[in-house]
Amino acid sequence: MRSADVAIIGGAIVGSASAYFVKQLAPACDVVVIEPDSTYEFASTLRASGGARRQFSCPENIEMSNFGIPFIRHADETLAIDGVPAHVEWREGGYLFIVGSSELDALRANHAVQQAHGVRADWLGTDELHAKFPSMNLDGIAAGVHTPEDGWCDPNGLLQGLRRKARSLGVEYVDDRVVGIDNDATIARSLRLASRAVIAAGYVVNAAGAWAKQIAAMVDMPLPIEPLRRFEHYFETPNRIEPLPYVKDTARLAFRPEGRGYSGGLVNSDEPRGYNFDVDHDYFERVVWPALVHRFPAFEACRCRRTWSGLYEQNELDGNPVIGRWSGRMENFLVAAGFSGHGMMHAPAAGRAIAELIVHGRYETLDLTRLDYRRIAEHAPYRELGIL
Ligand SMILES: Cc1cc2nc3c(=O)[nH]c(=O)nc-3n(C[C@H](O)[C@H](O)[C@H](O)COP(=O)(O)OP(=O)(O)OC[C@H]3O[C@@H](n4cnc5c(N)ncnc54)[C@H](O)[C@@H]3O)c2cc1C
């Protein structure tokens with residue numbers, strides 16, 4: 001039987017970030033990552049749109065971005081191996097949230113929290129919005145917040161950079177699937193794999209994204225994380241538009257520049273939960289395009305070139321991630337999942353948090369206690385209100 005100090009279930013961006021930070025803090029620690037698909041075909045990470053922003057309401061989310069965004073910005077050098085850089089392709093294009101009058105108070109409150117946490121967040125009234133983004137139709141818009149130091153990157157570039165760096169530091173990636181966890185009431189002892197191999201572990205980290213609920217069920221932990229299908233589209237328009245940031249509109253329309261066109265989508269929160277990757281090829285025309293044209297008439301002539309689907313690992317309790325130990329129950333079983341659409345940007349901070357809990361037994365940098373499993377057990381939501 002193989003044994004390891006730390007066994008991480010799921011080797012996409014959250015699992016790889018956790019492995020990388022454990023090795024940063026404790027180079028001698030024996031870390032294995034169990035990942036059944038090194039192509040990451042269905043992993044959410046490869047289907048993400050790459051946005052990284054500080055516009056949240058919960059201080060923990062803002063602070064995770066305050067760490068994660070500079071990490072991503074410098075990742076090409078930080079994750080370089082023997083002078084060969086990673087390829088994260090960070091673009092500091094900024095984020096823009098726009099709201100109508102009914103959401104003005106929420107935007108104002110969020111803006112105040114963001115500023116209190118050192119975020120460069122500029123409040124824009126309608127005149128300023130018009131001056132900065134003349135292509136935008138301001139019907140129904142009362143104000144916006146622009147965070148020019150936010151941006152986006154290539155999620156696969158960040159994943160591959162973290163994975164390669166973790167491996168160069170001695171992390172072993174095991175090409176297998178976890179099918180069971182041997183445990184007693186207070187301790188997780190070993191992982192059973194599809195190949196029938198067994199890995200004994202000092203700590204077990206559940207970083208299985210939209211599959212995290214299945215892993216938690218192996219130790220009888222109820223975890224309210226469900227797969228929520230979301231479409232992402234790449235589209236182009238022949239019309240000229242000024243350079244846009246990552247725009248988040250009142251209709252939950254979200255898009256950003258990408259190459260010669262734009263990448264984005266519109267989340268349907270009522271989508272039935274499940275592992276459904278089917279693509280509805282009419283969704284863009286039926287749902288996204290009308291919202292897009294309403295806000296930016298220059299998209300009247302736009303063409304959707306590609307649509308793909310992916311899963312949000314949606315925390316049904318409050319839309320915030322579950323990060324930390326199963327305190328009071330199974331202290332060596334940790335969860336880093338349920339990011340509900342923000343797992344790429346928050347992976348560096350979540351990985352560091354998991355590493356601190358394992359190596360130091362407590363948070364040393366950013367206190368994420370409010371995001372741990374206790375609120376799930378107590379059914380006490382801690383809601384993110386920045387998703388307007
Ligand atoms: C369309 C779309 C757009 C998005 N846009 C953004 C964005 O702009 N910004 C942002 O920050 N986030 C975004 N997200 C969310 C982001 O992609 C996820 O939050 C993030 O990728 C989660 O990473 P993860 O490593 O936890 O999960 P995943 O990437 O899903 O990885 C989970 C891994 O667990 C593995 N696994 C599953 N079962 C087992 C098992 N039994 N044993 C071992 N391993 C297992 C899987 O093979 C998989 O590789 C978006 C998501 C989607 C779908």
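## Strand pairing, a pocket and a salt bridge

Strand β12 (residues 225–236) and β16 run antiparallel and are joined by twelve bridges, strands here being DSSP runs of E with at least two residues and helices DSSP runs of H or I with at least four, both numbered from the N terminus. Two strands count as paired if DSSP finds at least two bridges between them. Within this pairing, Glu226 stands opposite Gln314 in β16.

The model is a predicted one, in which local features need pLDDT of at least 70 and side-chain atom pairs count only at pLDDT 80 or more, while totals for chains, interfaces and linings use all residues. Residues are numbered from 1 along each chain as its sequence is written, and side-chain values use heavy atoms, with hydrogens and water left out.

Both β12 and β16 belong to an open sheet of eight strands with mixed pairing, in the order β5-β6-β4-β13-β14-β15-β12-β16. Because β5 (122–124) and β16 stand at the edges with a single partner strand each, one side of each is left without a neighbour in the sheet. From one strand to the next the twist averages 20°. Helix α9 (residues 283–295) lies across β4 (95–99), β12, β14, β15 (261–266) and β16, and runs at about 65° to β12; contact means heavy atoms within 4.5 Å, and angles run from 0 to 180 degrees between N-to-C directions, with axes fitted to C-alpha atoms, for helices over the stretch in contact.

| Strands | Sense | Bridges | Facing residues |
|---|---|---|---|
| β9 (178–184), β10 (187–193) | antiparallel | six | Ile181, Leu191 |
| β1 (2–9), β11 (198–206) | parallel | seven | Val6, Tyr203 |
| β1, β2 (31–34) | parallel | four | Ala7, Val32 |

Strands β9 and β10 are joined by a hairpin through two residues.

The second largest pocket holds about 420 Å³ of space. A pocket is an open set of points, on a 1 Å grid over the protein atoms alone, where a 1.4 Å probe fits and protein lies on both sides within 12 Å along at least five of seven lines, and lining residues have an atom within 4 Å of a point. Of the 20 residues that line this pocket, Ala48, Asp154, Pro155, Arg256 and Glu258 are the closest to its centre. Two or more lining residues come from each of α2 (44–47), α7 (155–168), β14 (253–258) and β16 (303–315).

The structure holds 22 salt bridges, each a side-chain nitrogen of Lys or Arg within 4 Å of a carboxyl oxygen of Asp or Glu. In one of them Asp150 pairs with Arg54, the closest N and O atoms being 2.8 Å apart. This pair links distant parts of the chain, 96 residues apart, with Asp150 in the loop between β6 (143–147) and β7 (151–152) and Arg54 in the loop between β3 (51–52) and α3 (59–73).

Notes: Grid points are joined across faces, edges and corners, and a volume is the space filled by probe spheres set on the points.
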